[in-house]
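User: Could you walk me through how to read this model? I would like the general idea behind each feature, followed by the case at hand.

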Amino acid sequence: MTRRAGDALPYGTEQRGNESMATVKVLNRDNVAFEARKGGTVLAGARVAKEEWRWYCGGQALCGTCCMLVVEGELEKPGEIEQYFIDGWGYHPAYRLGCQARLKGDISVVACADEGFEKEAVLKAYETACERNKS
Ligand code: FES
């Protein structure tokens, strides 16, 4: 199935009351966690849960402000549009776009925005989170 960028718009209409939910834990934000619909994007879940999540382009995979590194858990594979962005801008194998990445289950992430989008700071936060997860 090919998705258009607009399919991932995070306006909350794709989240409904009794659907299967997953937990998104933001490890570099004092482990704050929120529930989001499985199959929905991380950004849509954050917006519905009224959790802070930076985004600029309206979920069009154009700006990268919603980016995160996935420490643990599983997401659907990147779609064509997200993969194009990752190939161009992603700097780590765990790099995903919150506005495009769709949940399969619980995940733990490092939100790049919380590290000021500084690559070295994001990578350090990711390594710290991975170390904590081991112990
Ligand atoms: S919100 Fe712009 S790329 Fe995700």
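This is a predicted model: local features need pLDDT of at least 70, side-chain atom pairs count only at pLDDT 80 or more; totals for chains, interfaces and linings use all residues.

User: What is the mean pLDDT of the chain?

Analyst: pLDDT is the predictor's confidence in each residue, from 0 to 100. The mean for the chain is 89, and 87% of its residues reach 70 or more. Residues 1-13 have pLDDT below 50, and beyond near neighbours in sequence this stretch has 23 contacts in the model. Two residues are in contact if their C-beta atoms, placed from the backbone, lie within 7 Å.

User: Which elements does the chain have, and in what order do they run?

Analyst: Helices (H or I, at least four residues) and strands (E, at least two) are DSSP runs, numbered from the N terminus. The chain has three helices and five strands, and from the N terminus on they run β-β-α-β-α-β-β-α.

User: Which strands run parallel, and which antiparallel?

Analyst: Strand 1 (residues 21-26) and strand 5 run parallel and are joined by three bridges, with V24 opposite I107 in strand 5. Strand 3 (residues 67-75) and strand 5 run antiparallel, with six bridges; L75 has L103 as its bridge partner in strand 5. Strand 1 and strand 2 are also antiparallel, again with six bridges, and M21 stands opposite R37 in strand 2. The hairpin of strand 1 and strand 2 has five residues between the strands, and there D30 takes a positive phi near 55°.

User: Which residues of the largest nonpolar core touch the most other members?

Analyst: In soluble globular proteins, nonpolar side chains tend to be buried together. A residue is buried if 20 or more other C-beta atoms lie within 10 Å of its own, exposed if 12 or fewer, and partly exposed in between, with C-beta atoms placed from the backbone. A nonpolar core is a set of buried Ala, Val, Leu, Ile, Met, Phe, Trp, Tyr and Cys residues joined through C-beta atoms within 7 Å. The largest one has 36 residues, of which V42, L43, M68, L69, V109 and V110 touch the most other members. Elements that give two or more residues to this core include strand 1, helix 1 (42-48) and helix 2 (80-89). Leaving out residues up to four places away in sequence, L69 touches H92, A94, Y95, V109, V110, V122 and Y126.

User: Which residues of helix 2 are buried, and which are exposed?

Analyst: An α-helix has 3.6 residues a turn, so residues three or four places apart point the same way. In helix 2, I81, E82, F85 and I86 are buried. They share one side of helix 2 because they cover an arc of only 135° around the axis; the arc is that of the directions from the helix axis to the C-beta atoms. On the other side of helix 2, E80, Y84, D87 and G88 are exposed. Strand 4 is included in what covers the buried residues of helix 2.

User: Is Q100 buried or exposed?

Analyst: Q100 counts as buried because it has 27 C-beta neighbours inside 10 Å. Q100 sits in the loop between strand 4 (95-97) and strand 5 (103-111). Its C-alpha atom is separated by 6.2 Å from that of E82, 18 residues apart along the chain.

User: Where is A49 found?

Analyst: A49 is in the loop between helix 1 and strand 3. With 17 C-beta neighbours inside 10 Å, A49 counts as partly exposed. Neighbours within four places in sequence aside, A49 is in contact with F34, E35 and A36.

Key: Residues are numbered from 1 along each chain as its sequence is written. Two strands pair if DSSP finds at least two bridges between them.
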